[in-house]
Amino acid sequence: MRILIAGTGGVGGYYGGKLAAAGNDVVFLARGAMLDALGSNGLEVRADLGDVRLEHVHATDRVDASVAPAEAVLFTVKTYDSAEAADAIAPAVARDTIVCSLQNGVDNEAFLHERFPEARVLGGTSRIEAFVVGPGVVTQRGKQSELTIGAFNLDERPAAAHLGSAVERAGIPMTLAADIRSALWFKLVVITGLGGVTAYAHGTIGDVLGDPELDALLRDVLAETDAVARAFGIEIPPGLADTVHAYAEGQLDRSFSSSMARDVERGKPLEVESLNGAVVRYGREAGVPTPANERVLDALLPLHRRAMAARTAHA
């Protein structure tokens, strides 16, 4: 299967590496030092679930006739880079190309459907801790790497099953979701809390749970996102906010630091507008108050804008 990885960071690098190692024709969209390293040294995935070493990979910063058309695209860029990445992959997206977002948030698929109306746009979520540790090198930690893939209508279910088969053959745990919207909102509850609040705290989940004020903020963010989802009729498990908090207390290592918290430490742009910001926007639409999510958004949005301005200045 010819698969284009639109964004070779931790998530794209890990899943792209697994798919390529399984014999798929994988093209990696990358830029800068990552692109140079992939072209000269290939891709190295250092994973608790099994290392992957690809001596030669097809990497590019520009999709042209040598790539197009792709049978499937895994859209794995950060949400603030979606428009640029969509423009970059456009030559590879033909009628019935499968485009599956593995991004955080609940608005990505609507953007992709509007941008590529003739494609088969699927929703997806990943349960993985994976990040870039150096050019051409990705690390995966922990016991989880599951993908959930789902169609938004009956006509696209065969496309979801087709992509899911390729994922399974690559040894990646995979679930075909009957209700992908619920899966996306489920993850939004988790990530606005664990991701947003650890980023707000500039620390770990242990720092959050050990501080009564931060722990209260975590509980409130979880409860608000849960309430907004239910206001829109999204079917998520009863008591999800409490379940996520209990998971953080009882199962997460106290050293856990979300990707957004790591981005804060490194002065990188943040996905806060697509996460806690989305809760605020949808909350206003539904008439659900979201002061805790607003608090996180107000604290992190200036950091995001500063990082984006610095990135543009150095481009």
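1. The buried residues of helix H1 are Gly-10, Gly-12, Gly-13, Tyr-14, Tyr-15, Gly-16, Gly-17, Lys-18, Leu-19 and Ala-20. Buried here means under 20% relative accessible area, exposed means over 50%, and partly exposed is in between (1.4 Å probe, protein chains only). Ten of the twelve residues of H1 are buried, and the helix is thus mostly covered. Helices (H or I, at least four residues) and strands (E, at least two) are DSSP runs, numbered from the N terminus.

2. This is a predicted model, in which local features need pLDDT of at least 70 and side-chain atom pairs count only at pLDDT 80 or more, while totals for chains, interfaces and linings use all residues. Residues are numbered from 1 along each chain as its sequence is written, and side-chain values use heavy atoms, with hydrogens and water left out.

3. H1 covers residues 10–21 and reaches 16 Å from its first C-alpha to its last, close to the 16 Å expected at 1.5 Å a residue. The expected span is 1.5 Å times one less than the number of residues in the helix. Just after H1, Gly-23 has a positive phi of about 105°.

4. Gly-12 is in H1. Its relative accessible area is 2%, so Gly-12 is buried. Contact means heavy atoms within 4.5 Å. Leaving aside neighbours within four places in sequence, Gly-12 is in contact with Ile-5, Gly-7, Gly-17, Phe-28 and Thr-76. Between Gly-12 and Ser-101 there are 89 residues of sequence separation and 11 Å in space, C-alpha to C-alpha.

5. Asn-108 is in helix H4 (residues 108–115). With a relative accessible area of 7%, Asn-108 is buried.

6. Thr-139 is in strand E9 (residues 137–150). Its relative accessibility is 13%, so Thr-139 counts as buried. Its contacts, leaving aside neighbours within four places in sequence, are Arg-46, Glu-129, Ala-130, Phe-131 and Val-133.

7. Asp-96 lies in the loop between helix H3 (82–89) and strand E7 (98–101), and at 41% relative accessibility it counts as partly exposed. His-202 is in the loop between helix H6 (180–201) and helix H7 (205–209).

8. For the whole protein chain, there are twelve helices and ten strands. The radius of gyration is 19 Å, close to the 20 Å that the globule rule gives for 315 residues, so the chain is as compact as a globular protein of that length. That radius is taken over C-alpha atoms, and the rule is 2.2 Å times the number of residues to the power 0.38. The C-alpha trace spans about 55 × 40 × 40 Å along its principal axes.

9. Of the 315 residues in the protein chain, 53% are buried. Among contacts with a separation of 6 or more, 69% come from residues 24 or more positions apart.

10. The accessible surface of the protein chain is about 13,800 Å², and 50% of it belongs to carbon and sulfur atoms. Areas come from the Shrake-Rupley method with a 1.4 Å probe; for residues, only the protein chains shown count as cover.
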